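Please report on the fold and the ligand surroundings of this model.

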Amino acid sequence: LAEPLFADVAGDIAVSFEFFPPRTEKMEETLWQSIATLAPLGPRFVSVTYGAGGSTRERTHSTVARIQRETGLEAAAHLTCVEASRDEIDAVARDYWAAGIRHIVALRGDPPEQGKAFASHPQGYANAVELVRGLKAVAPFEISVAAYPECHPESRNRAADLDNLWRKIDAGADRAITQFFFTPDCFFRFRDQAAVMGIDAEIVPGILPVSNVAQTRKFAGQCGADIPDWMDRLFEGLDNLPAARQLVAATVAAELCGRLYAGGVRHFHFYTLNRAELAYAICHLLGLRPAPQAAEKAA
Ligand code: FAD
């Protein structure tokens, strides 16, 4: 029998956590509890998403600024090109810089109305490549961009998608964070193809611990990720057993991460959905422990 998956982990990983801006007071409380739980793990950065059509502009800004101000963590702001002119986006970026935010996750974004083709603002950035260039002209931000191990649904083919990623890196992006995926081979194939294309920036797998398959399927349909049939089978009959569902979710995500680790991955980006437990448990399995001072403070 092979060694247990986590027998050789050394805690030699970097992690980052993604959150979305809360809509209600209750959600805000959950978010800050999650940040407090995950902060001692010393993430390389934490990022806050930007709602479709810029709908969360204010909330993204205030959440990112508060994380940066109050936690000492590096906060990264997601920013999209949707329904905004270049001048408006540049102004948002300047505000971030003034607030001490040095890291932007630069995205084209999706059209506000689902199913419609993306149309850029007449005076806007047309895509993420242009946005990266624009942001770099505003200030020397660290920039992360999106990558798609299973191809973006709008791309002509795999080669065009990789070429687009190459152009984002060439425009000044420092790393790519992937859309979620559920088999390690999917990521390794993509990493190899990117290397062949001469993409030398770090490609960080985006990990989505799934505990609600129906909801994830809805998401996945929009972004070109495939949910394997075995995922449905694993969650069958657990609708009314939330704790069992969490255990299954942790097992599935942890196995994916363990295999990615065995394949050399050392930075994991977690789509937390503002919940700490699953991401925390997986980081723990990968050998990550709170920094000693942080552990003392928490005690
Ligand atoms: P781009 O890199 O610009 O590319 C989009 C597609 O168009 C690709 O298929 C590309 O090949 C094609 N394309 C681009 N330019 C050209 C061209 N000149 N000619 C031909 N084809 C071209 N969305 C949000 O609204 N808010 C968020 O906070 C957010 N965060 C995300 C975080 C991560 C890590 C990821 C992976 C995605 C995130 N998204 C977010 C979703 C993202 O906005 C969508 O996937 C969007 O459809 C594409 O954005 P992009 O930056 O990848 O676009």
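## Barrel and ligand shell

S5, H5 and S6 form a β-α-β unit that is right-handed. Right-handed here means that, with the strands pointing away from the viewer, the path from the first strand over the helix to the second runs clockwise. Helices (H or I, at least four residues) and strands (E, at least two) are DSSP runs, numbered from the N terminus. This is a predicted model: local features need pLDDT of at least 70, side-chain atom pairs count only at pLDDT 80 or more, and totals for chains, interfaces and linings use all residues. Residue numbers start from 1 along each chain as its sequence is written.

**Strand pairing.** S4, helix H4 (residues 128-138) and S5 also build a right-handed β-α-β unit. Two strands pair if DSSP finds at least two bridges between them. The table lists three such pairs.

| Strands | Bridges | Sense | Opposite residues |
|---|---|---|---|
| S4 and S5 | four | parallel | Ala 106 and Val 145 |
| S5 and S6 | four | parallel | Val 145 and Ala 176 |
| S1 and S8 | five | parallel | Ser 16 and His 269 |

Strands of a sheet pair through backbone hydrogen bonds, either parallel or antiparallel.

The barrel has eight strands, closed in the order S1-S2-S3-S4-S5-S6-S7-S8 with parallel pairing. From one strand to the next, the twist averages 30 degrees. Axes are lines fitted to C-alpha atoms, for helices over the stretch in contact, and angles run from 0 to 180 degrees between N-to-C directions.

Why is S5 largely enclosed by the rest of the structure? Five of its six residues are buried. A residue is buried if 20 or more other C-beta atoms lie within 10 Å of its own, exposed if 12 or fewer, and partly exposed in between, with C-beta atoms placed from the backbone.

**Around the ligand.** Which residues come nearest to the ligand? They are His 78, Arg 108, Asn 127, His 152 and Ser 155, out of 24 residues around it. A residue is near the molecule if its C-beta atom, placed from the backbone, lies within 6 Å of it. S3 (75-80), S4 (103-107), H5 (158-170) and S6 (175-180) each give at least two residues to this shell. H5 supplies the largest share, four residues. By class, the shell holds nine nonpolar, 10 polar and five charged residues. Nonpolar covers Ala, Val, Leu, Ile, Met, Phe, Trp, Tyr, Cys and Pro; charged covers Asp, Glu, Lys and Arg; the others, Gly among them, are polar.

**Positive phi.** Most residues other than glycine have a negative phi, and most peptide bonds are trans. Glu 83 has a positive phi, near 50 degrees. Glu 83 sits in the loop between S3 and helix H3 (86-98). Glu 83 is partly exposed, because 17 other C-beta atoms lie within 10 Å. Cys 151 also has a positive phi, near 75 degrees. Its loop runs between strand S5 (142-147) and H5. Cys 151 counts as partly exposed, because it has 18 C-beta neighbours inside 10 Å.

**The starting segment.** Ala 2 lies in the segment before strand S1 (14-19). Is Ala 2 buried or exposed? Ala 2 counts as exposed, because it has 6 C-beta neighbours inside 10 Å. Ala 2 and Thr 37 are 35 residues apart in sequence. In space, their C-alpha atoms are 33 Å apart.
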